[in-house]
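Visitor: I would like a close look at a single part of this protein, together with its surroundings. Please take me through the contacts there with care.

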Amino acid sequence: MSKKVITFGELMLRLAPEGYYRFAQADKLGATFGGGEANVAVSLANYGFDAAFVSKLPTHEIGQAAVNSLRRYGVDTSYIARGGDRVGIYYLEKGASQRPSKVIYDRAGSSIYTASPEDFDWKKIFEGAEWFHFTGITPALNDGVAAICLEACKAAKEMGVKVSCDLNYRNKLWSKAKAGEVMGELCKYVDVCIANEEDAADVFGIKAANTDVTAGTVNHEGYKDVAKQLADRFGFEKVAITLRESISANDNNWSAMLFDGTDYYFSKKYKMHIVDRVGGGDSFGGGLIAACLSGYDAQATIEFAVAASCLKHSIEGDYNMVSMDEVAKLAGGDASGRVQR
């Protein structure tokens with residue numbers, strides 16, 4: 001029987017110009033769906049896990065289209081509460097060369113904003129589950145959703161469910177001070193923390209020494225220090241830190257580190273030419289959870305998570321459309337991209 005994983009968050013409609021058109025140039029926008037925790041659920045369903053996504057979406061056709069986008073990939077949508085008036089929207093303009101990508105949110109007042117604790121029976125949701133995942137985006141929506149997040153974390157802990165959180169700080173949603181306060185409370189229940197160098201600094205004021213993300217330099221010792229500080233402060237079992245060196249909007253170096261409370265494990269580094277980077281961090285989270293639930297050792301776990309995320313950067317849309325075998329092949333050293341016949 002496959003292992004059951006629950007994720008909780010907002011599923012949004014993504015509207016994007018074709019290719020590399022700017023917003024002001026575009027006369028049509030492509031519509032797909034995505035959202036931090038939903039992206040993780042899709043990854044895990046594609047890997048053969050029993051993945052369920054929890055949220056609130058309207059009963060109208062756009063809400064149903066959002067639900068259907070998850071069902072298509074085998075995600076369990078039976079715990080999604082229905083109600084409210086709108087699906088949150090985000091507009092994406094893809095960057096190229098030295099021009100960065102841009103995201104504009106239109107999500108205020110979406111169904112998840114109106115969610116109440118009564119919408120979710122966490123005891124029932126976590127029955128038979130082994131893992132619960134959320135990101136810092138969800139409690140950032142409003143105090144009500146943050147309270148539901150806390151309720152979920154407490155229920156997960158009571159029921160012996162492992163909890164992972166991707167800090168995912170979004171400055172368009174809340175202040176650093178508010179993020180630190182709310183996430184500080186939630187992180188007491190977290191076993192596995194996923195972050196990047198900016199998240200740790202923005203949310204908890206924990207900085208890597210000799211690192212400048214805009215200059216694209218990475219200092220391994222600095223990241224060890226960040227991971228240790230995070231683990232010491234909250235008692236995390238594991239801390240995973242993604243290391244993105246941004247050469248341009250199209251070309252990044254991508255690697256990661258895992259701290260298991262004792263030792264530090266660094267993955268190999270991939271030079272990526274990017275097709276779509278949105279959802280890159282979520283695909284890392286999905287890979288990390290899959291590897292942990294599959295009983296991989298620490299080095300194999302971080303290699304699998306980074307390889308999964310590397311492949312996602314080659315795929316259009318938020319969802320990572322890859323199998324366990326494809327990720328394992330890349331993690332095992334076949335990065336040629338040669339045609340498989």
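Guide: The side chain of Asp-191 makes a polar contact with the side chain of Lys-157, at 2.9 Å; a polar contact is a pair of N or O atoms within 3.5 Å, where within protein one must be able to donate a hydrogen and the other to accept it, and residues adjacent in sequence count only if both atoms are side-chain atoms. This is a predicted model, in which local features need pLDDT of at least 70 and side-chain atom pairs count only at pLDDT 80 or more, while totals for chains, interfaces and linings use all residues. Residues are numbered from 1 along each chain as its sequence is written, and side-chain values use heavy atoms, with hydrogens and water left out.

Asp-191 lies in the loop between H5 and strand S11 (192-196), helices (H or I, at least four residues) and strands (E, at least two) being DSSP runs numbered from the N terminus. Asp-191 counts as buried because its relative accessibility is 10%, buried meaning under 20% relative accessible area with a 1.4 Å probe and protein chains only. Leaving aside residues up to four places away in sequence, Asp-191 touches Lys-157, Val-161, Lys-162, Val-163, Phe-236, Glu-237 and Lys-238, where contact means heavy atoms within 4.5 Å.

Helix H5 (residues 176-186) has buried residues that include Ala-179, Val-182, Met-183 and Leu-186, and the buried residues of H5 pack against strand S9 (129-135), helix H4 (143-158), strand S10 (162-166), helix H6 (197-204) and helix H7 (220-234). In the protein as a whole, buried residues make up 55% of the 341 residues.

Definitions and conventions. Buried means under 20% relative accessible area, exposed over 50%, partly exposed in between (1.4 Å probe, protein chains only).
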